[in-house]
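Colleague: Could you walk me through this one while I have it open on my screen? I'd like to go part by part.

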Amino acid sequence: MAPSLGAWRDVEELPDFRHMSSMPCHERARHSACALQDVASAMSLPAWASRINAANLTAALDLHDVCAMASQHHIAGLHKTRGDPIASGVPQSLEEEAAMLVLAGALDFGASWRDELRSHHGKGAWETVKQGIESLSQMCPELKAEWLFHLSHTAVAMHFRLEHADHLTQFVSKLHSVVHELGENLIKQNVPSLAEYIMSLLEELRGDPHAAGKLIQDLADTFPTAFQDTAYLKRLPIYFYKKAQTVACELHERFHSLDDRFNFPDIEMLTGNVDPLVIAVLRRHEVVKTTWDLTKALQADTDLSTGGAAEVSLRAAGVAALEDMAWLAKLKGYPISPTMLGNYLWACGKSEAYANAQRHISKETCFY
């Protein structure tokens, strides 16, 4: 069950969470999100998880179906959940495809620009990012550090087909900043390419029982703009590492049967992939609950400030809810992880067309 801190009557009595810095990334994410639920009332947070409703939703789910969908790989991994594989049909070596998946994870943002993107060229955020990733990878399959570093703002706009789109300049700037960071930090480490980076790292981690956690930590440390996903509520650090965890899941899913360097023993220990669509499903079933003020803000399509109490508490509540649901499913004898549940609820939400599910993403964030 989710970690418990006990009852804290006064916000000044809240514990110091700095001890979590020594935990593996996924444990840090799990512990901080779940522990936050115990102090949500004391902190007057605008969103929190309901354990009773989590139990009710778990009981209502077809857990056989959750397992079946996961085993068929219908909802596993970043590009598979989109239903549109990256670079399908494009010949690539394993190393090149692995590098492209890291790039895809780093650039997987932009949902709050979907209306502007559709008005520009009729494509949503993921379709736009996907075509840009494929264009970059086709131009330089190994994604060389010097090449990434020297790509101009104009060149990035061209690869993502966003030239002559003045209303999307901020989005292009964020894409460019992440691409630039990848190149710059690879150069600082004397690593010639993103392909070399990921394959060398996985060689070091081959057979390590904590390979996924160490991969996530290295991504966050090496490319903080893209992968360091941490927020603070008062003095409590809340960790997510959403995109880095997604990269680990995707690499494992795509290659673990082909190359043992991608077989991460701790992959089932990662937290669920909580994106706005998953939160929308959890809110619909009142598993994630919100104050009246936040409910009105979400209904009004208000962008939430990056790192603010609303955004952070929503995300943490979603992570904690999936932890509880996976724990309850395992009590019933089903080998279901939080990641499996998150992907399953994403698929359910997509099929029900939650039109406003992604409205509560701030345009200022690269993480959510």
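Colleague: How many bridges join strand 2 to strand 3?

Modeller: Keeping in mind that this is a predicted model, four bridges join strand 2 to strand 3 (residues 236-239), and the two strands run antiparallel. They form a hairpin with two residues between them, and Lys234 in the turn has a positive phi of about 55°.

Colleague: Which residue is the bridge partner of Tyr232, and what does Thr230 stand opposite?

Modeller: Tyr232 has Pro237 in strand 3 as its bridge partner, while Thr230 stands opposite Tyr239.

Colleague: And the faces of strand 2, which residues are on the covered one?

Modeller: In strand 2 (residues 230-233) the covered face carries Ala231 and Leu233, whereas Thr230 and Tyr232 make up the uncovered face. In strand 3, by contrast, both faces are covered, with Leu236 and Ile238 on one side, Pro237 and Tyr239 on the other, and all four of these residues buried.

Colleague: Which charged residue lies over the face of Tyr239?

Modeller: That is Arg28, which lies over the face of Tyr239 at 5.4 Å from the ring centre. There is also Arg315, whose charged end sits over the ring of Phe240, 4.0 Å from the centre of that ring.

Colleague: Switching to aromatics, how many aromatic pairs are there?

Modeller: The count comes to five aromatic pairs, taking ring centres within 6.5 Å as the cut-off. Among them, Tyr197 and Phe223 form an edge-to-face pair, 5.2 Å centre to centre and with 75° between the planes.

Colleague: Where do Tyr197 and Phe223 lie?

Modeller: Tyr197 lies in helix 11 (residues 194-205) and Phe223 in the loop between helix 12 (211-222) and helix 13 (224-227), so the pair ties together parts that are 26 residues apart in sequence. Both Tyr197 and Phe223 are buried. Phe255 and Phe262 form another aromatic pair, a tilted one, at 4.8 Å centre to centre and 50° between the planes, and both of these residues are buried too. Besides that, Phe109, Trp113 and Phe171 form one aromatic cluster.

Colleague: Which residues of helix 2 are buried?

Modeller: In helix 2 (residues 51-60), the buried residues include Asn53, Ala54, Leu57 and Thr58. Seen down the axis of helix 2, the buried residues fall within an arc of 140°, so they line one face of the helix. The face turned away from that buried side carries the exposed residues Ile52, Ala59 and Ala60.

Colleague: What covers the buried residues of helix 2?

Modeller: The cover includes helix 3 (63-71), helix 15 (276-284), strand 4 (288-290) and helix 17 (309-331).

Colleague: Now Pro46, where is it found, and is it buried or exposed?

Modeller: Pro46 is found in the loop between helix 1 (25-38) and strand 1 (47-49), and it is buried, with a relative accessible area of 14%. Leaving aside neighbours within four places in sequence, Pro46 is in contact with Lys289, Thr290, Thr291, Leu294, Ala309, Ala310 and Ser313. The C-alpha atoms of Pro46 and Asp293 are separated by 7.9 Å, although these residues are 247 residues apart along the chain.

Conventions. Residues are numbered from 1 along each chain as its sequence is written. This is a predicted model: local features need pLDDT of at least 70, side-chain atom pairs count only at pLDDT 80 or more; totals for chains, interfaces and linings use all residues. Side-chain values use heavy atoms; hydrogens and water are left out. Rings of Phe, Tyr and Trp (its six-membered ring) pair if their centres lie within 6.5 Å; planes under 30 degrees apart count as stacked, over 60 as edge-to-face and the rest as tilted. Buried means under 20% relative accessible area, exposed over 50%, partly exposed in between (1.4 Å probe, protein chains only). A charge sits over a ring if NZ of Lys or CZ of Arg is within 6 Å of the ring centre and within 35 degrees of the ring normal. The arc is that of the directions from the helix axis to the C-beta atoms. Contact means heavy atoms within 4.5 Å. Two strands pair if DSSP finds at least two bridges between them.
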